[in-house]
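The sequence and the structure are shown first.

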Amino acid sequence: MGIFHFLLPTLLFLGSGFHAHATAGDSDPIYMTCVEKCKKTGCIQEQCFNSCNVSLSAEAPWYFQEPLYIRWKEWDCLDECRYHCMVLREAEREKRDDQPVKYHGKWPFRRVFGIQEPVSVAVSMLNLALIFHGWLSFFILLHYKLPMKPSGKTYYEYTGLWHVYAILSMNSWFWSVVFHSRYLELTEKLYYSSTLAFLGFILMISVIRALNITTEAARVMVAAPVIAFVTTHILFLNVVQFDYEWNLGVVAVLATTQLVFWTIYGIRSCQPSRWKLWFSLLGSALAMLLEIIDFPPYKGFIDSHASWQATSIPITYIWWSFIKDDAEYTTAILTKKAK
């Protein structure tokens with residue numbers, strides 16, 4: 001993915017979390033009454049939920065059991081009641097031409113096959129696939145199209161870093177798919193942790209590339225404190241306390257620092273394709289407006305966050321094009337020196 005495109009909205013999303021304070025929807029007396037009644041009776045109007053029947057056995061006939069994809073995602077009685085009361089309440093609001101409101105800190109999305117944010121899931125999968133494509137084309141370029149050293153290694157001195165970058169990037173988008181499929185404490189922590197690991201590694205690359213650090217000893221001096229800090233922070237969030245405000249501060253520091261170093265690289269570099277770097281930066285800044293506006297989901301599916309994820313697709317393509325151009329440019333210089 002484009003580095004800047006990923007980082008800027010992350011400040012907003014990871015800083016807030018989905019365990020938000022009470023919002024208009026869940027404070028609505030009609031909604032609250034609906035949920036309480038549903039928890040007691042297990043039904044909303046004529047629709048009843050097996051998950052609210054505690055006596056239901058796993059050995060019960062198939063027609064009494066929830067579909068496998070619902071049971072796999074652990075939709076319990078409270079979740080079912082909240083979701084269907086939300087849908088019912090929003091239908092009533094729509095009839096009065098009222099705007100959608102948030103419930104428990106989230107916009108009212110419509111589930112599809114048990115998936116809470118189907119559009120975000122689909123777009124995250126597309127981003128993941130595009131990163132894999134970019135990584136694969138980068139690998140083919142280096143190992144099959146560009147000249148290699150007599151030792152069999154590539155002339156491009158940042159090959160290993162971009163390989164790790166691709167793996168961490170795909171890992172982050174994978175957990176984005178999982179998290180937007182189902183909001184759980186576990187999926188939230190995995191999404192946050194994978195994203196923080198990715199942010200830390202981006203910072204390492206930005207420093208190493210901007211300062212053109214090629215010796216292993218110098219790279220270790222850059223990497224060691226970053227790895228130690230990010231690892232400690234991830235452990236703190238998962239073991240000690242999931243502090244959203246503290247996390248927002250940490251993400252802001254990581255993002256701001258790497259943005260400074262990428263700006264330094266863009267100014268100092270003579271790389272012909274550096275315009276792609278600036279394109280990623282400016283495009284990401286404009287796309288961040290989607291997150292700031294934070295509009296409700298259209299027809300219950302496409303909200304500002306899903307729209308931002310969609311705009312990451314072309315920027316991801318441009319970013320990987322820049323990485324490959326950088327590899328070609330650097331290899332050409334080094335092969336001339338080797339001759």
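Which residue does a disulfide join to Cys38? The partner is Cys81, at a sulfur-to-sulfur distance of 2.0 Å. The model is predicted, and the values below are computed from it.

## Overall make-up

The secondary structure comprises 11 helices and 2 strands. Along the sequence the elements follow the order α-α-β-β-α-α-α-α-α-α-α-α-α. The chain has 339 residues, and buried residues make up 50% of them.

The model contains 3 disulfides.

Another disulfide is formed by Cys34 and Cys85, whose sulfur atoms are 2.0 Å apart. The link of Cys34 and Cys85 is left-handed, with -85° about the S-S bond. Both Cys34 and Cys85 are buried.

The link of Cys43 and Cys48 is right-handed, at 100° about the S-S bond. Cys48 has 49% relative accessibility. Exposed residues are those over 50%, so Cys48 counts as partly exposed.

Cys270 has a relative accessible area of 59% and is exposed.

## Helix H7

Helix H7 covers residues 185-210, which is 26 residues. At 1.5 Å a residue, H7 should span 38 Å; its end C-alpha atoms lie 37 Å apart, in agreement with that expectation. Is H7 largely enclosed by the rest of the structure, or largely open? Of its 26 residues, 22 are buried, so H7 is largely enclosed by the rest of the structure. Just after H7, Asn212 adopts a positive phi of about 55°.

Val251 is part of helix H9 (residues 244-268), and its relative accessibility of 1% makes Val251 buried.

How do H6 and H7 pack, in angle and in axis separation? Helix H6 (residues 159-181) meets H7 at an angle of about 155°, and the two axes are 9 Å apart. Angles over 145 degrees count as roughly antiparallel, and H6 and H7 are therefore roughly antiparallel to each other. Their crossing is left-handed. The contact of H6 with H7 has 16 nonpolar, 8 polar and 1 charged residues.

H7 also packs with helix H8 (residues 216-240), at an angle of about 165° and with the axes 10 Å apart. That angle makes H7 roughly antiparallel to H8. The crossing of H7 and H8 is right-handed.

## Positive phi in loops

Which loop holds Asp97? Asp97 is found between H4 and helix H5 (118-145). Asp97 is not a glycine, yet its phi is positive, at about 60°. With a relative accessible area of 67%, Asp97 is exposed.

Lys299 sits in the loop between helix H10 (274-293) and helix H11 (304-338). Lys299, a residue other than glycine, has a positive phi near 55°. Lys299 counts as exposed at 56% relative accessibility.

Definitions and conventions
Residues are numbered from 1 along each chain as its sequence is written. This is a predicted model: local features need pLDDT of at least 70, side-chain atom pairs count only at pLDDT 80 or more; totals for chains, interfaces and linings use all residues. Side-chain values use heavy atoms; hydrogens and water are left out. A disulfide is a pair of cysteine sulfur atoms within 2.5 Å. Buried means under 20% relative accessible area, exposed over 50%, partly exposed in between (1.4 Å probe, protein chains only). Helices (H or I, at least four residues) and strands (E, at least two) are DSSP runs, numbered from the N terminus. The expected span of a helix is 1.5 Å times one less than its number of residues. Axes are lines fitted to C-alpha atoms, for helices over the stretch in contact, and angles run from 0 to 180 degrees between N-to-C directions. Angles under 35 degrees count as roughly parallel, over 145 as roughly antiparallel, 65 to 115 as roughly perpendicular and the rest as oblique. A crossing is left-handed if the near helix is turned anticlockwise from the far one by less than a right angle, and right-handed if clockwise. Ala, Val, Leu, Ile, Met, Phe, Trp, Tyr, Cys and Pro count as nonpolar, Asp, Glu, Lys and Arg as charged, and the others, Gly among them, as polar.
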